[in-house]
Amino acid sequence: MKYDSELLCCLYLKLLFIFFFYSFEHGSVLTQSRELYKLSRKSRAPFDMPAAEVQALYEQQGYLSALPILSPEELQSARDAFAELERKHGEDYTAYSLHNIHMEYEWARGLAKHPRLLQVVTAALGPDVILLDSRFICKYPVSNKQQNNDVIAYNQSGNSCEEKKEGSANEEKDSLPFVAWHQDMKYWGFDGGPVLSVWLALDDSLEDNGALQVIPGSHHSGLLPHHQSKRSGNMLSVNQEIPEELVETEKAVLCPLLAGQMSIHDGLLVHASDPNTSSRRRCGYVLRYVPTCTYPIQDPERPRTFPATLLVNGVDKYNHFSKQNSTL
C-alpha cells in the first residue's frame, strides 16, 4: 500500500509539472481550448426565444453570434464539397471569387435555405425573405515561408510579390489579407428595408485566424462616410474603410465561432476582421438576406446589381426583384 501511495504521489507530481510546463509554454493553446469550450456551451437562446424577442435583441445590438446551425454530418458534407472547389480552382480563386454559386450547386443552395438558419433570419426580418447574394470568403493560413524572416508578402497594390527584409514582421502582418472597418450597406444599391448578413463558419473562427469583430449598436448611427484604405491587403472589393476617428474601437467585440455555427449582423453595423496569423484556414459562407419589401435603386455610389436573388421563405407580393428573382 505504501508503495502504491508513493507511486500515485509521484505520478501526481509529474502530471502537475507537465501541466504547469505546458501552460507556460503553450498558454495560447490552453486559452484557445477554453474559448472553444465556452463556444460549445454557448446558449442556444435564439432557438428557444419567441421570434419577437429575437428580433428585439437583434435590433438592439445589431448582431447575434455563436448560433449552432449545421450538424456534424452537414458540416462535413459542406467541407467536402468546398474542398472539391479548392482542388478545381485553387486557393487564390476560392479565397474570394466563389460568388453566387448557390445558383449552380445544390449543396450551396441548401446551406442558404437551411431550416435552422432561416429560423433565425425570419425571426429578425419577418417571414418573407429573399437571398440577395452569396460568397465564400477564405483567409488562408500564413505559410512557413511567410513566417521566416525573408518573407514573400501579399501585396495588393502591386503585380508581384515583394521580398521583405529581416525585421519587417510588423509590415508583413500589415500586408496580409484583412477586412477594414466598414458597413455592408455602403455597397448595396437598395432601399425600403434592412440587409442581414450571415457568416456560416466552415472552419473555427477565432481571434488568431481573423474572426469577425463588431461595434455593438453602431447600426443606429446610420450610414457613415467611407474613404480609400491606405493599408494594403484590404479584401473589400473597392478598398474602402470608415475613417479611424469614426470607429469606436474601444467598444469592439470579437465574435468567435465554431465550425457549423453562424453569426448574423445588420447591414449598417460597423464591423471588420484582422489578418489570419495562425496555421489554420478560416473559411465561411457569407449570405445576404433582405425582406421582400426591399427594392433596388440606381445609386452611383452603390452600383451593385443583384443577378442571383432567390426567394427562400414566404411569399413575394412586391416582386421588386421580379426580373432577377428565382425560386430554385
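Reader: Which strand gives the largest share of the lining of the largest cavity?
Author: In this predicted model, that share comes from β3, which supplies 4 residues to the lining of the largest cavity.

Reader: And which other elements put two or more residues there?
Author: Besides β3 (129-139), the elements that give two or more residues to this lining are β6 (179-182), β8 (196-201), β14 (271-273) and β15 (282-291).

Reader: What volume does the largest cavity have, and how many cavities are counted?
Author: Its volume is about 410 Å³, and the count comes to 1 cavity of 30 Å³ or more.

Reader: Which residues sit closest to its centre?
Author: Of the 25 lining residues, those closest to the centre are Ile137, His182, Asp184, Leu236 and Arg288. Taken as a whole, the lining divides into 12 nonpolar, 6 polar and 7 charged residues.

Reader: Changing topic, how many residues are in the largest nonpolar core?
Author: That core has 42 residues, and those with the most contacts inside it are Leu117, Leu196, Val198, Leu200, Met262 and Tyr289. Helix α8 (residues 115-125) contributes the largest share of this core, with 7 residues.

Reader: What does valine 198 touch, leaving aside its neighbours within four places in sequence?
Author: With those neighbours set aside, valine 198 is in contact with Leu117, Val121, Met262, Ser263, Ile264, Tyr285, Val286, Leu287 and Tyr289.

Reader: What about the second core, which residues does that include?
Author: The second core is separate and has 22 residues, including Ile130, Phe190, Val286 and Phe306. Val286 in this second core is also among the contacts of valine 198.

How values were computed
Residues are numbered from 1 along each chain as its sequence is written. This is a predicted model: local features need pLDDT of at least 70, side-chain atom pairs count only at pLDDT 80 or more; totals for chains, interfaces and linings use all residues. Side-chain values use heavy atoms; hydrogens and water are left out. A nonpolar core is a set of buried Ala, Val, Leu, Ile, Met, Phe, Trp, Tyr and Cys residues joined through side-chain atoms within 4.5 Å. Buried means under 20% relative accessible area, exposed over 50%, partly exposed in between (1.4 Å probe, protein chains only). Contact means heavy atoms within 4.5 Å. On a 1 Å grid over the protein atoms alone, a cavity is a set of points where a 1.4 Å probe fits but cannot get out, and a pocket is an open set with protein on both sides within 12 Å along at least five of seven lines; lining residues have an atom within 4 Å of a point. Grid points are joined across faces, edges and corners, and a volume is the space filled by probe spheres set on the points. Ala, Val, Leu, Ile, Met, Phe, Trp, Tyr, Cys and Pro count as nonpolar, Asp, Glu, Lys and Arg as charged, and the others, Gly among them, as polar.
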